[in-house]
Amino acid sequence: MKKIIALALALLMVGAVLVACGGSQTTTADATKDSAQTAAKGSDLEAVQAKGKLIVGITDFEPMDYQDESGKWIGFDADMAAAFAESLGVKAEFVEIDWDNKVLELDGGTIDCVWNGMTLTDEVTSAMSCSDPYCNNAQVVVVNKNVADKYAQADACKELNFAVESGSAGQEQATAYGFKFTEVKDQATALMEVASGACDAAIIDSLMAAAMVGEGTGYEQLTYTASLNSEEYGVGFRKGSDLTAKLNEFFAAAKADGSMEKVAETYKVQAALIK
C-alpha cells in the first residue's frame, strides 16, 4: 500500500512539472506573439501597407488640394501625396476634414496624415510628428481692389472685419494683430465672404491668394495686400509615426531627381519650394 501511494504521489509530481513546463512554454510563445502584434500596431507604415491605402486629411485649398471637374483631388500637395503613397505600394485616399479638428482626426485614426499646406506652428509641431518643411508661405490680407491702397499695411487693417479659417494660421495672425474676425469652414469660404460683402477682408495663405485672386481668376475684384508673417509648410503624422522618416526620404529623393520641381511648376508654386 505504501509503495502504491508513493508511486501515485510521484506520478502527480511529474504531471505537475509537465503542466508547469507546458504552461511556461505557452506563456513565452504568447508573449512573443503579443510583442510582435504590439510592434506591428506601433508601425503606421505597416498599418498603411496592410490596408493598401494612405488616408490623407485635407481641405479645399487651391493650389494645394482641390477637385477638378471630374471630382478628382489634384493640386501640389495632392499630387505629391499620391506619389508618396505609390512609393509605399499603396493608393492615396483623400478625406475632407474640419481643419479645427485635424489633431483629433489624426489621433483617432480616421486619417493617416494631414497634408494640406499646413503651417508648422508651435501648436502643430507639439501635437504631431511633422515632416521637414517643403514650402515657404505667408499669411496675407485679401480685400477688394478698390480699397487696396487704404489697407496696404497691417496697422491700417484694424478697422476691418475679417473672415478666417477656423483653427488656421490666418486665425492665429488675426488674434496676434488684434483684428476682429469671423471663423469660417475653410479659406475658400473666407474668400467668398469677402466677395459677397459679408466680411471686409480675409486672411489666407499667400500661395492660395496668388492662385485664387486677381486678374484671370474667379475673384478678379479681389487682391492681396499686407503680408502678416512668414512661415513654412509641413506634413503631419501621429506622434512617433515611422511614416515621417519615410516621407523625409521621399522628399529628399523628389528634390534630387527634379520630380518635386516638376509638380510645383504644374501648379505655379515653384518659387515657394524650399530647396
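Q: Which residue takes a positive phi just after H7?
A: In this predicted model, local features need pLDDT of at least 70, side-chain atom pairs count only at pLDDT 80 or more, and totals for chains, interfaces and linings use all residues. Residues are numbered from 1 along each chain as its sequence is written, and side-chain values use heavy atoms, with hydrogens and water left out. Helices are DSSP runs of H or I of at least four residues and strands are runs of E of at least two, both numbered from the N terminus. The residue just after H7, with a phi of about 90°, is Gly-197.

Q: What percentage of the residues in the chain is buried?
A: Buried means under 20% relative accessible area, with a 1.4 Å probe and protein chains only. In H7 (residues 187–196), the buried residues include Leu-191 and Val-194. Of the 275 residues in the chain, the buried share is 45%.

Q: Are helices H3 and H9 roughly parallel or roughly perpendicular?
A: The axes, lines fitted to C-alpha atoms over the stretch in contact, come within 11 Å and cross at roughly 110°. Angles from 65 to 115 degrees, on a scale from 0 to 180, count as roughly perpendicular. Therefore the arrangement of H3 and H9 is roughly perpendicular.

Conventions
Buried < 20%, exposed > 50% of the residue type's maximum accessible area, 1.4 Å probe, protein only. Parallel < 35°, antiparallel > 145°, perpendicular 65-115°, else oblique.
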